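Subject: Structure for you to look at

Hi,

Here is the structure I promised to pass on. Could you open it and follow along with the notes below?

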Amino acid sequence: MSPQAHDGGAAAHSAPPRRPGRPRDPRIQATVLATTADILRDKGVPAVTIEAVSAASGVSKPTIYRYWPHRLALAIDAFADTMSHDVPVADTGDSRRDLLEQVGHVAAYYRSPAGVVLRQLIGACASDPQAAEQLRDRFFEHRRAQTRVLWERVQARGEAHPDIDADTAIDLLFSPLIFRLLVGHGKIDAEAVGRLVEAALDGLLRTDRGSTPVRSPSSTQDAG
């Protein structure tokens with residue numbers, strides 16, 4: 001999708017031709033991301049336009065377009081960058097505590113105004129396949145990659161069920177937060193999240209080193 005479609009459709013909003021081989025300046029990138037994060041926090045996703053970011057940051061629109069093809073790509077990167085800074089991966093040395101704290105910190109972040117921004121991003125990307133792919137790759141997959149490190153530590157301690165991989169564990173622990181954030185049918189306060197995590201951990205963590213591996217419903221049926 002062209003930059004026009006993301007910035008209102010005006011021809012004046014078109015991204016200029018990119019100059020191949022021109023290196024990116026990390027200082028410019030940091031300035032634009034910080035400015036965009038401020039706009040997201042104060043006004044939300046609808047207020048993030050290339051024009052607004054350019055005016056607030058002092059970085060020209062052609063320069064911004066060299067880094068980001070459209071406003072949603074910029075908003076996604078700014079949100080992902082901010083959350084990575086605000087919600088680092090827990091590392092207390094205790095597997096259960098790490099997982100409880102990590103889900104709790106993410107839930108607290110989603111209860112803040114950042115949760116409104118994430119809902120807006122998901123809504124804006126729902127009808128735009130290109131933006132949706134960027135949201136998956138630049139935000140969700142980035143978060144999952146960080147959390148895989150946490151689960152790999154649990155596995156290294158021998159405290160995870162051996163047949164549960166990182167992606168399954170992440171889905172069980174964090175997907176309920178997104179579902180409740182979007183649908184609003186349940187709370188994501190500390191008490192509610194604690195119950196969700198404890199229920200998930202009962203199946204994810206081994207109670208002793210001799211535990212029988214978890215079997216999927218299909219394998220149980222196959223066994224008769």
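Below is what I found in it.

Please keep in mind that this is a predicted model, where local features need pLDDT of at least 70, side-chain atom pairs count only at pLDDT 80 or more, and totals for chains, interfaces and linings use all residues. Residues are numbered from 1 along each chain as its sequence is written, and side-chain values use heavy atoms, with hydrogens and water left out.

Let's start with the core. A nonpolar core here is a set of buried Ala, Val, Leu, Ile, Met, Phe, Trp, Tyr and Cys residues joined through side-chain atoms within 4.5 Å; buried means under 20% relative accessible area, with a 1.4 Å probe and protein chains only. The largest one has 59 residues, and Phe79, Tyr110, Phe139, Trp151, Leu173 and Leu177 touch the most other members. Helix H5 gives the largest share, nine residues. Domain 1 (25–86) and domain 2 (89–206) both contribute, so this core lies between them; those bounds come from an automatic or database domain assignment.

Phe79 is worth a look for its ring, too. Phe79 and Tyr109 form a tilted aromatic pair, 6.2 Å centre to centre with 50° between the planes (ring centres within 6.5 Å; under 30 degrees is stacked, over 60 edge-to-face, the rest tilted). Phe79 lies in helix H5 (residues 71–86) and Tyr109 in helix H6 (residues 95–111), so the pair ties together parts 30 residues apart in sequence (helices are DSSP runs of H or I, at least four residues). Both Phe79 and Tyr109 are buried.

Best wishes

Key:
Rings of Phe, Tyr and Trp (its six-membered ring) pair if their centres lie within 6.5 Å; planes under 30 degrees apart count as stacked, over 60 as edge-to-face and the rest as tilted. Helices (H or I, at least four residues) and strands (E, at least two) are DSSP runs, numbered from the N terminus. Buried means under 20% relative accessible area, exposed over 50%, partly exposed in between (1.4 Å probe, protein chains only).
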